[in-house]
Amino acid sequence: MTISADAYLAALKGVLDDAASTQRDALADAADRISDSLAAGGVLQAFGTGHSEALCMELAGRAGGLVPTNRIALRDLVLRGGADPELLGSDKLERDPAIARNLFALTGADPADVFVIASQSGINGSIVEFALAVKEAGHDLIAFTSTEHSLRTPSRHPSGRRLLDIADVVIDNRAPYGDSLLPLPGGDGSVCAASSISAAMLAQMLVAEVVRRRLAVGDTPPVYLSANVPGGDEHNNTLESRYAGRIRRGA
């Protein structure tokens, strides 16, 4: 396969079309759960590590998105949990299950809250342990992951479980094993990743379905305006005040 911008676009279009056509049932299930949560005063809690944090940024604190969303990140252990900043110097932190329970405790989650966890592989220790904490606390859990990648990769959690084994709903980003789409000559790997883009599309489809459900029952969903349009800050601050202490856009 030729490596070029056009080749990437063609390959990516296949991933996006596949994700859009195969994930409708999962998106509907997730949207039902989130809509019910919002109706009960809940917040959507979103966690991801590495590049999967981009998915959380699609859901939490952005223009056109739902206001009752909270972004969870490993750095919260330092910024909010008092951990030594040197903790964040490890490039293997996401593999450590020991930090997940402390991170979960920092969310202060309400029983009505729904959690989204994003991970391309769904195998790392912090992700799996955090998922276990979410379910033990009785919350609905939605996973954004690559089923193909996850099933072909051994779990790094002591239990041997993966994110997709724990979640109530699995939204498959349809990115391939290894994530990248264009093989290099000689079989030396591949380039140009897909998961961030397909997951972002699915996340926005999910938001649309949640909003559709709230509108159908006569509710006006709390949605962010861009902070960079006149009146945006005032609009957003008014809505955010309803969830004071429960939502953070994150640093």
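Biologist: How many of the 12 residues of H6 are buried?

Modeller: Helix H6 covers residues 125–136, and its buried residues include Gly125, Ile127, Phe130 and Leu132. The helix is largely enclosed by the rest of the structure, because the number of its residues that are buried is 10 of the 12.

Biologist: What span does H6 reach from its first C-alpha to its last?

Modeller: With 12 residues and 1.5 Å a residue, the expected span is 16 Å. The helix in the predicted model is close to that expectation, and from first C-alpha to last it reaches 16 Å.

Biologist: Which residue with a positive phi follows H6?

Modeller: Most residues other than glycine have a negative phi. The residue that follows H6 is itself a glycine, with a positive phi near 90°, namely Gly138.

Biologist: Is Asp179 buried or exposed, and what is its relative accessibility?

Modeller: Asp179 lies in the loop between S5 and S6, and its phi is positive, about 75°, although it is not a glycine. Arg174 is found in the loop between strand S5 (169–172) and strand S6 (180–183), has a positive phi near 65°, and is partly exposed at 32% relative accessible area. Buried means under 20%, so Asp179 counts as buried, with a relative accessibility of 14%.

How values were computed:
Residues numbered from 1 in each chain as written. Predicted model: local features only at pLDDT ≥ 70, side-chain atom pairs only at ≥ 80, totals over all residues. Heavy atoms only, no water. Helix = DSSP H or I, 4+ residues; strand = E, 2+ residues; numbered from the N terminus. Expected span 1.5 Å × (residues − 1). Buried < 20%, exposed > 50% of the residue type's maximum accessible area, 1.4 Å probe, protein only.
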